[in-house]
Amino acid sequence: SHPPFSGLAMEEPVKRSWSEKSKETFRLWDADGCGYISRTELKNLLSSLATRDITEREIDQCLREADVNGNGLIEYDEFVEWLARPSALLRMGSRSIEFFDLDAVLKPLYQVYDQNGDGQVTMDEFVECQTILRNALGLRTGAFTEVLEQSLPPRQDVISPTNGSMLASDPSRAFLRVDQDKSNAVSFREFVEWQRAALQDAGTNSKDLEELIPALARQLKRVFKIS
């Protein structure tokens, strides 16, 4: 069995470099020392880090993210590149490796899009939210801008890089792309995958997303209350 992950916590007085921590992490979870992390080892790693049950889909997602050469294994170079990738499910924290739960971060925003709370986002709901974001964050004009900016953190500029991929296209056309199963509604899973792709393209740091996405959701709620 794998050793407890707490063994990676930094106890020495001098803070180790990111490279040193990533090497130690890889060695720890390459249990048999073969030079790669298998799917089974990855599953054990994720299960030890997450505060909830990890699904098979999330394990497959991690493999897709990390396994660049497609051999079904995560080699050291792939592992290091993966940890540094924005919005990846794993990241290197200040003390150890961390699980980044993008689903949990995006849930409040999805709930704003899902205005009637029925668990899916219709085209009308999607278009309305996208139009507000285009006006307030993309075009930087209109009365909504001031409302949206009132409670956003000082580093609001981190949101701006996502505008190109998320807001550039017509909202109705964007809905048709996001609605992968053509059900005329966007599920939470489809919403997450859409956002994941946009955020990866933008290169936004996952720690920034944990602050910025909930703040954006709160301000969108305020927009709907006053409109």
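Does Glu 78 count as buried or exposed, and what is its relative accessibility?

Analyst: This is a predicted model, in which local features need pLDDT of at least 70 and side-chain atom pairs count only at pLDDT 80 or more, while totals for chains, interfaces and linings use all residues. Residues are numbered from 1 along each chain as its sequence is written, and side-chain values use heavy atoms, with hydrogens and water left out.

Glu 78 counts as buried, because its relative accessibility is 7%, where buried means under 20% relative accessible area, exposed over 50%, and partly exposed in between, with a 1.4 Å probe and protein chains only. Glu 78 belongs to helix H4, which covers residues 76-83; helices here are DSSP runs of H or I with at least four residues, and strands are runs of E with at least two, numbered from the N terminus. With neighbours within four places in sequence set aside, Glu 78 is in contact with Ala 66, Asp 67, Val 68, Asn 69 and Leu 73, contact meaning heavy atoms within 4.5 Å.

Another glutamate, Glu 41, is also buried, and this one sits in helix H2 (residues 39-49), where Leu 42, Leu 45, Leu 46 and Leu 49 are buried as well. Seen down the axis of H2, these buried residues fall within an arc of 135°, so they line one face of the helix; the arc is taken from the directions that run from the helix axis to the C-beta atoms.

Lys 182 is placed in the loop between helix H9 (171-178) and H10, and it is exposed, with a relative accessible area of 58%. Although Lys 182 is not a glycine, it has a positive phi of about 55°. Asn 184 lies in the loop between H9 and H10 and counts as exposed at 60% relative accessibility. Asn 184 is not a glycine either, yet its phi is positive, at about 65°.

To return to the question, then, Glu 78 is buried at 7% relative accessibility, within helix H4, and its contacts beyond four places in sequence include Ala 66 and Leu 73.
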